[in-house]
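The following report describes a single protein model.

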Amino acid sequence: MSTATLSQSFNTAKRFFDDAHFPYGFQRSGFFSIREANTLTSLGDALKALSEGSREPQSEEEANFVRVVRGEEAPSTFVEKTWIKYLNKINMEDAYTAVYFDED
């Protein structure tokens, strides 16, 4: 995906932070590369909205991204792979919390 194409896709003016799972930021988590952390911070708001369905895809890249998040296609772009890595990490932490800290 070219830079020109990427700049037309996943547009958002907001920076993305997930203080619940990464209280010191993506770069300091030790889980993401610098490039991945920067991608999450700059595009994460749009990626989250697309994955939750609160934003309609505005380009073919965004439509492909939605198909990847739904599990209909394998991730192939850097952005898709980074978001899936992020989702896997937070879902793994949530599962750990549910199993080991369940009060039932």
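Phenylalanine 26 lies in the loop between α1 (3-8) and α2, where helices (H or I, at least four residues) and strands (E, at least two) are DSSP runs numbered from the N terminus. At 4% relative accessibility, phenylalanine 26 counts as buried; buried means under 20% relative accessible area, exposed over 50%, and partly exposed in between, with a 1.4 Å probe and protein chains only. Leaving out residues up to four places away in sequence, phenylalanine 26 touches Phe16, Phe17, Asp18, Phe32, Ala37, Leu40, Thr41 and Tyr86, contact being defined as heavy atoms within 4.5 Å. The C-alpha atoms of phenylalanine 26 and phenylalanine 16 are separated by 9.8 Å, the two residues being 10 apart along the chain.

The model is predicted: local features need pLDDT of at least 70 and side-chain atom pairs count only at pLDDT 80 or more, whereas totals for chains, interfaces and linings use all residues. Residues are numbered from 1 along each chain as its sequence is written, and side-chain values use heavy atoms, with hydrogens and water left out.

**Overall architecture**

The protein has four helices and zero strands, and its pattern along the sequence is α-α-α-α. Of its 104 residues, 30% count as buried. Its accessible surface comes to about 6800 Å², of which carbon and sulfur atoms account for 49%; these areas come from the Shrake-Rupley method with a 1.4 Å probe, and for residues only the protein chains shown count as cover. Among contacts between residues at least 6 apart in sequence, 60% join residues at least 24 apart.

Helix α2 covers residues 34-52; at 1.5 Å a residue its 19 residues should span 27 Å, and its end C-alpha atoms are 25 Å apart, which agrees. The expected span is 1.5 Å times one less than the number of residues. The buried residues in α2 include Ala37, Leu40, Leu43, Leu47 and Leu50. An α-helix has 3.6 residues a turn, so residues three or four places apart point the same way. After α2 comes glycine 53, whose phi is positive, near 85 degrees.

In helix α3 (residues 60-69), the buried residues are Glu62, Ala63, Phe65, Val66 and Val68.

**The nonpolar core**

A nonpolar core is a set of buried Ala, Val, Leu, Ile, Met, Phe, Trp, Tyr and Cys residues joined through side-chain atoms within 4.5 Å. The largest one has 17 residues, and those with the most contacts inside it are Phe10, Phe26, Phe32, Leu47, Trp83 and Tyr86. The elements giving two or more residues to this core are α2, α3 and α4 (78-100), and the largest share, six residues, comes from α2. Phenylalanine 32 is in contact with Phe22, Phe26, Ala37, Leu40, Lys85 and Tyr86, leaving aside its neighbours within four places in sequence.

Lysine 89 is found in helix α4. Lysine 89 is buried, with a relative accessible area of 17%. Not counting residues up to four places away in sequence, lysine 89 touches Phe22 and Phe31.

**Salt bridges**

A search of the whole structure finds five salt bridges, a salt bridge being a side-chain nitrogen of Lys or Arg within 4 Å of a carboxyl oxygen of Asp or Glu. The table gives some of them.

| Glutamate 52 | Lysine 48 | 4.0 Å |

Glutamate 52 and lysine 48 both lie in helix α2, four residues apart, about one turn of the helix. Glutamate 52 is exposed, with a relative accessible area of 55%, whereas lysine 48 is partly exposed at 36%. Arginine 67 counts as partly exposed, at 24% relative accessibility. Salt bridges that share partners join Glu60, Arg67 and Glu73 into one network.
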